[in-house]
Amino acid sequence: MKKIEAVIKPFKMDDVREALSEIGITGMTVSEVKGFGRQKGHTELYRGAEYMVDFLPKVKLEIVVTSDQVDRCVNAIIDTAQTGKIGDGKIFITDVERVIRIRTGEEDEAAI
């Protein structure tokens, strides 16, 4: 099993969710996060004063899938989240040792 974490632009979340749903991914965790990479930040004007916005709003998507679903998920995320501009985000893939569904006690792939 693998955990896919994707940090994407907020306005792309609905498109990504739909694309993942079309390939059979039914469960995910979504968090509103802030951060920056090469995109850095930008300046904004507030009450006549200019200030630097260092951390930009992003959405973090977390999905645990079987190993054979990873490539389809990653391709769906890339195809729908990519704008071609700086700040499109990143995808991280890590191993998952064990999953337990709290309600039933099911484990691993049965718990996904």
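This is a predicted model: local features need pLDDT of at least 70, side-chain atom pairs count only at pLDDT 80 or more; totals for chains, interfaces and linings use all residues.
1. As to the overall plan, the protein chain holds two helices and six strands, which, when read along the sequence, follow the pattern β-α-β-β-β-β-α-β. Of the contacts in the protein chain with a separation of 6 or more, 69% are accounted for by residues 24 or more positions apart.

2. Four strands form an open sheet, in which the pairing is antiparallel and the order is β2-β5-β1-β6. Because β2 (29-35) and β6 (89-95) stand at the edges with a single partner strand each, one side of each is left without a neighbour in the sheet. From one strand to the next, the twist averages 20 degrees.

3. Within this sheet, strand β1 (residues 2-8) and strand β5 (residues 56-65) run antiparallel and are joined by seven bridges; A6, for instance, has L61 in β5 as its bridge partner. Helix α1 (residues 13-22) packs on the sheet, where it touches β1, β2 and β5, and its direction makes about 10 degrees with that of β5. Helix α2 (residues 70-81) also packs on the sheet, touching β1, β5 and β6, with a direction that makes about 5 degrees with that of β1.

4. Which residues touch the most other members of the largest nonpolar core? Among the 18 residues of that core, they are I8, L20, L61 and I77. The elements that give two or more residues to this core are β1, α1, β5 and α2, and α2 gives the most, with six residues. In soluble globular proteins, nonpolar side chains tend to be buried together.

5. I8 deserves a separate look: leaving aside residues up to four places away in sequence, I8 touches M13, V16, K58, V59, I77, A81 and D88. One of these, I77, is listed together with I8 among the residues that touch the most other members of the largest nonpolar core.

6. Turning to burial and surface for the chain as a whole, buried residues make up 31% of the 112 residues, while the accessible surface comes to about 7700 Å², of which 48% belongs to carbon and sulfur atoms.

Conventions. Residues are numbered from 1 along each chain as its sequence is written. Side-chain values use heavy atoms; hydrogens and water are left out. Two strands pair if DSSP finds at least two bridges between them. Axes are lines fitted to C-alpha atoms, for helices over the stretch in contact, and angles run from 0 to 180 degrees between N-to-C directions. Contact means heavy atoms within 4.5 Å. A nonpolar core is a set of buried Ala, Val, Leu, Ile, Met, Phe, Trp, Tyr and Cys residues joined through side-chain atoms within 4.5 Å. Buried means under 20% relative accessible area, exposed over 50%, partly exposed in between (1.4 Å probe, protein chains only). Accessible areas come from the Shrake-Rupley method with a 1.4 Å probe; for residues, only the protein chains shown count as cover.
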